[in-house]
Amino acid sequence: MTDSTIDRNPGKGGETHQHARSGSANQAILTTNQGIRISDNQNSLRSGTRGPTLLEDFVLREKIFHFDHERIPERIVHARGSGAHGYFEATADISDLSRAALFRKGQKTPVFARFSTVAGGAGSVDTPRDVRGFAVKFYTTEGNWDLVGNNIPVFFIQDAIKFPDLIHAVKMEADRAYPQAGSAHDTFWDWASLMPESTHMLMWAMSDRALPRSLRMMEGFGIHTFKLVNAENKTVFVKFHWKPKLGLQSTVWDEALKLQAADNDYHRRDLREAIAAGNFPEWEFGIQVFDEAFASRQPYDVLDATKIIPEEEIPVRVIGRMVLDRNPDNFFAEVEQVAFCPANIVPGVDFSNDPLLQGRLFSYLDTQKSRLGTANFHQIPVNQPKCPLQNFQRDGMMQMQVPKGRANYEPNSLAAHDEEAGPRECPRTGFVTSSAATGQQESGDKLRVRAELFADHYSHARLFWNSQDTHEKAHIASSFVFELSKVDLKHVPPRMVANLRNVDEKLAKRVADGLGIALPDKAPAARAPVDMPPSDALSIHKNMKHTLEGRSVGILIADGSDAAELDALTKAVEGAKAKAMIVAPKVGATTLSDGSTRKADGQLLGTPSQIFDAIAVVLSAKGAQSLAGEAAAVGFVMDAFGHLKAIGASKEARPLLEKAGIMPDAGITGLGPDFIKAAARRFYDREPKVRMLA
Ligand code: HDE
């Protein structure tokens with residue numbers, strides 16, 4: 001036995017073994033939470049060698065007790081998420097629009113961002129068809145601003161009062177606790193088909209927006225209309241946008257499904273590895289600014305979160321960038337405990353009267369108290385503002401601060417010196433609600449009603465549909481077919497298709513045909529939809545970048561692969577700022593043509609091509625012949641073909657491609673520069689060759 005092993009065997013002659021790792025002289029010493037040094041972390045205290053464990057063992061009790069309480073209630077929505085630290089940098093002067101310090105040109109503000117799926121639990125998978133949360137906490141010099149948005153610019157509902165119904169319907173069904181992380185089930189479509197206001201969001205959720213390739217390749221949106229307020233208290237309306245530097249990229253549905261088996265943690269791993277490798281994810285931050293006059297001219301209500309403002313009408317003006325450059329040190333302490341709240345706002349930004357936003361202002365504070373167990377959750381490091389925080393709020397569970405003195409109320413006249421009397425409000429620089437600042441009156445009867453234009457449920461769904469290209473339309477129609485095909489309640493799919501007839505007759509027909517049901521009568525629309533000019537900004541395909549940057553290429557090799565070919569290819573992939581990952585039947589060592597050996601990054605059976613953006617096959621004739629008899633190798637190339645990826649192959653590797661039934665196609669190349677060019681994109685034109693879409 002060496003001194004670095006632990007002897008768990010009973011000792012000779014009945015003596016108790018207590019050998020633990022013995023560290024070097026400067027190794028940290030293990031203690032209890034009270035700082036008491038622990039002599040033995042291997043054996044609990046018992047009465048005699050084979051006797052009962054003693055209650056006196058405070059080391060054991062504290063350790064187990066802490067462990068028993070290691071989990072906190074998971075978020076009711078957005079339970080599964082990944083996060084990172086970084087900074088926001090203001091790159092334009094918008095002092096005419098907002099007095100917020102974080103928007104001063106050149107100002108750098110630390111941020112913490114968390115991305116999430118909505119429906120699944122914390123232990124679910126990363127790639128279901130779902131909306132992604134996009135929440136950013138800006139630690140500004142004037143307090144924390146939380147922009148808690150999604151990767152889709154609209155929402156399912158117009159009024160916060162419907163949120164619990166939406167979430168109950170979409171999450172796992174109450175009696176059976178499945179499905180875990182998807183909307184393809186009875187209760188969701190039952191609810192959605194009865195809620196025509198959800199139609200626009202459904203179009204987005206059925207599109208490839210709900211299947212992002214990477215958290216680094218999706219847009220983010222503040223969704224609601226907010227306000228910016230300048231130093232003269234002049235206000236304008238604003239929508240917030242995040243645009244990824246790597247461009248938009250989504251997976252295809254079959255790929256997303258298979259990714260759930262290939263790597264549950266696909267997005268989480270991708271984000272962490274990119275940051276660890278110094279490939280810091282980056283987004284441009286943009287604003288759409290408009291005024292009351294613009295708002296009142298539109299055929300929709302800007303306070304309705306189921307509507308967008310077309311970028312062709314009001315272009316997005318880039319005013320900053322966010323870079324995520326540091327991984328969390330501890331997932332629980334930071335990603336799990338981060339507490340976002342849309343009500344956290346700074347002077348220079350303000351809320352609008354969007355009835356969905358107004359409901360959120362209350363909800364999040366409440367949820368954090370129950371989730372994190374105390375009103376003092378703002379003292380958890382990831383939630384702490386990075387500017388002075390002083391008030392007379394006191395005590396409560398887990399209070400970490402130790403305020404001095406008697407002054408815990410104001411006004412007071414306790415002290416001769418101001419600093420001993422505690423803080424006072426500051427009308428000059430403090431937050432002022434914009435309507436109060438401008439003297440604008442907000443009054444009216446107490447009513448449970450929505451403004452008239454909220455009754456238009458279809459115009460924007462139609463605008464979205466009309467803005468998609470042929471491939472995107474086929475994906476949307478097919479997703480409706482897939483999701484509704486999972487619904488057992490026979491009356492629900494026709495009701496949904498009846499709603500879709502208000503969006504587009506052809507879409508409704510494609511979905512009905514795909515389901516094999518008769519086209520139902522058109523659902524009556526509460527307000528007749530209007531036609532709006534298509535908007536390119538709504539299409540992923542029109543906003544994709546043909547680039548390999550930030551992507552990964554899987555290279556399949558086996559014994560006998562050509563060493564020079566492999567080296568040249570690896571260099572070319574890395575030169576295009578992508579990751580080259582070697583996949584081989586044996587992970588330890590593959591012997592190449594020149595006798596050298598290569599370690600693989602992944603073993604063939606556990607590393608399917610779904611996890612790569614493009615693949616290359618570098619095989620000798622013998623290697624290709626033997627891999628043609630291995631289902632995992634055939635599947636590797638067949639799936640890459642089905643997922644519309646570029647495939648580079650040496651001449652000798654062709655038999656494997658033939659075995660996989662791969663046809664000639666623009667994305668099938670040799671291993672030279674033509675492969676690097678092809679690997680920078682997907683080949684959507686190939687799709688009719690590989691699957692039947694609705
Ligand atoms: Fe949330 N939402 N939400 N939500 N939401 C939560 O807060 C809620 C809504 C969003 O990474 C919860 O801390 C209500 C819209 C994100 O920690 C909870 C309503 C949008 C996250 C909550 C909405 C969002 C949440 C659950 C209707 C897009 C994850 C745990 C009025 C703009 C934040 C938590 C993170 C989280 C309530 C609607 C985005 C329960 C009542 C619209 C990204 O408080």
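**View 1. Residues around the ligand in the predicted model.** Arg 75, Arg 114, Arg 360, Tyr 364 and Gln 368 come nearest among the 22 residues around the ligand (a residue is near a molecule if one of its heavy atoms lies within 4 Å of it). This is a predicted model, in which local features need pLDDT of at least 70 and side-chain atom pairs count only at pLDDT 80 or more, while totals for chains, interfaces and linings use all residues. Residues are numbered from 1 along each chain as its sequence is written, and side-chain values use heavy atoms, with hydrogens and water left out.

View 2. Strand E3 (132–140), strand E4 (143–150) and helix H9 (355–372) each contribute at least two residues; helices (H or I, at least four residues) and strands (E, at least two) are DSSP runs numbered from the N terminus. H9 gives the largest share, six residues. By class, the shell holds 11 nonpolar, eight polar and three charged residues (Asp, Glu, Lys and Arg count as charged; Ala, Val, Leu, Ile, Met, Phe, Trp, Tyr, Cys and Pro as nonpolar; the others, Gly among them, as polar).

**View 3. Met 398 in a loop.** Met 398 is placed in the loop between H9 and helix H10 (418–421). Met 398 counts as exposed because its relative accessibility is 55% (exposed means over 50% relative accessible area, with a 1.4 Å probe and protein chains only).

Methods:
Buried means under 20% relative accessible area, exposed over 50%, partly exposed in between (1.4 Å probe, protein chains only).
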